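Here is a short report on one protein chain. Look over the sequence and the structure first, then read on.

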Amino acid sequence: MEIILYVSAAVAAIAFLVLVIFLTKVLTSLQTTLDSVARTLTGLESQMQGITLETTQLLHKTNTLAEDLQQKSENLNTVVDAVKDVGTSISSFNSSIQKVSHKVQAEIDNNQERISQIVQWSNVAMEIRDKWKARSKQAAPTPTERAELEREALETDNLPKKRFLRSRS
């Protein structure tokens, strides 16, 4: 019975030794991992400081750009307002032209007979002017023709024809 106690104590001691060996390996591995994590965190911290500095600069640039955009947007609002005013002016001008056009059209409708008479008289006047020009462009009578015309005028006592002949000479 004593042997069983010695054997069991030896097995327990061996088991304890194996346990200590494996715990040592695990703890060593854990120490290596923790050292690696510590180095990574140290590098990460220095990188984070650089990122923080760049982020701060980027934030300042963004704020500057936002202020510039705000100022340009306000300036653009004045341009948009001016264009809107021009559109309103053009619209009112267009309505004024339409009113004048309607008035002219109404006056034309009311005075259509007078206008047609004016057009007819204008056409008559233009025909008279054309005939007058054509008559004035005709060649002056030769001296023998003139003498013949004067003789006829004297014989007939035609006063307008005499005046015409005097004006041509």
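Of the 169 residues in the chain, 2% are buried. Buried means under 20% relative accessible area, exposed means over 50%, and partly exposed lies in between (1.4 Å probe, protein chains only). The accessible surface of the chain is about 15400 Å². Carbon and sulfur atoms hold 64% of that surface. Such areas come from the Shrake-Rupley method with a 1.4 Å probe, and for residues only the protein chains shown count as cover.

This is a predicted model: local features need pLDDT of at least 70, side-chain atom pairs count only at pLDDT 80 or more, and totals for chains, interfaces and linings use all residues. Residues are numbered from 1 along each chain as its sequence is written, and side-chain values use heavy atoms, with hydrogens and water left out.

How confident is the predictor? The chain averages 88, and 90% of the residues score at least 70.

**Helices.** The chain has 4 helices and 0 strands. From the N terminus on, the order is α-α-α-α. Both kinds of element are DSSP runs, numbered from the N terminus: helices (H or I) need at least four residues, strands (E) at least two. Helix H1 covers residues 2–110 and has the highest mean pLDDT among the elements, 94. Helix H4, residues 159–168, has the lowest, 63.

UniProt, in an unreviewed entry, places a "transmembrane region" at residues 6–24. UniProt positions are given in the numbering used here, feature names are shortened, and annotations may be inferred rather than shown by experiment. In the model, residues 6–24 are 100% helix and 0% strand. The end C-alpha atoms of this stretch are 26 Å apart.

Which residues make a nonpolar surface patch of about 660 Å²? They are Phe16, Leu19, Val20, Leu23, Leu27, Leu30 and Leu34. Patches are made of residues with over 30% relative accessible area and no salt bridge; like charges are joined within 9 Å, and nonpolar side chains (Val, Leu, Ile, Met, Phe, Trp, Tyr) within 5 Å. Leucine 23 is found in helix H1. Its relative accessibility is 45%, so leucine 23 counts as partly exposed.

**Salt bridges.** A search of the whole structure finds 2 salt bridges. Each is a side-chain nitrogen of Lys or Arg within 4 Å of a carboxyl oxygen of Asp or Glu.

| Salt bridge | N to O distance |
|---|---|
| Lysine 72 and aspartate 68 | 3.4 Å |
| Arginine 129 and aspartate 130 | 3.4 Å |

Lysine 72 and aspartate 68 are 4 residues apart in helix H1, so about one helical turn separates them. Aspartate 68 is partly exposed, at 30% relative accessible area. Aspartate 130 is partly exposed at 41%. Arginine 129 is also partly exposed, at 41%.

Threonine 42 is found in helix H1. A polar atom of its side chain lies 2.8 Å from the backbone oxygen of alanine 38. Threonine 42 is exposed, with a relative accessible area of 54%.

Serine 95 also lies in helix H1. A polar atom of its side chain is 2.7 Å from the backbone oxygen of serine 92. Serine 95 is partly exposed, at 30% relative accessible area.

Notes:
pLDDT = per-residue confidence, 0-100. Polar contact = N/O pair within 3.5 Å; in protein donor to acceptor, adjacent residues only side chain to side chain.
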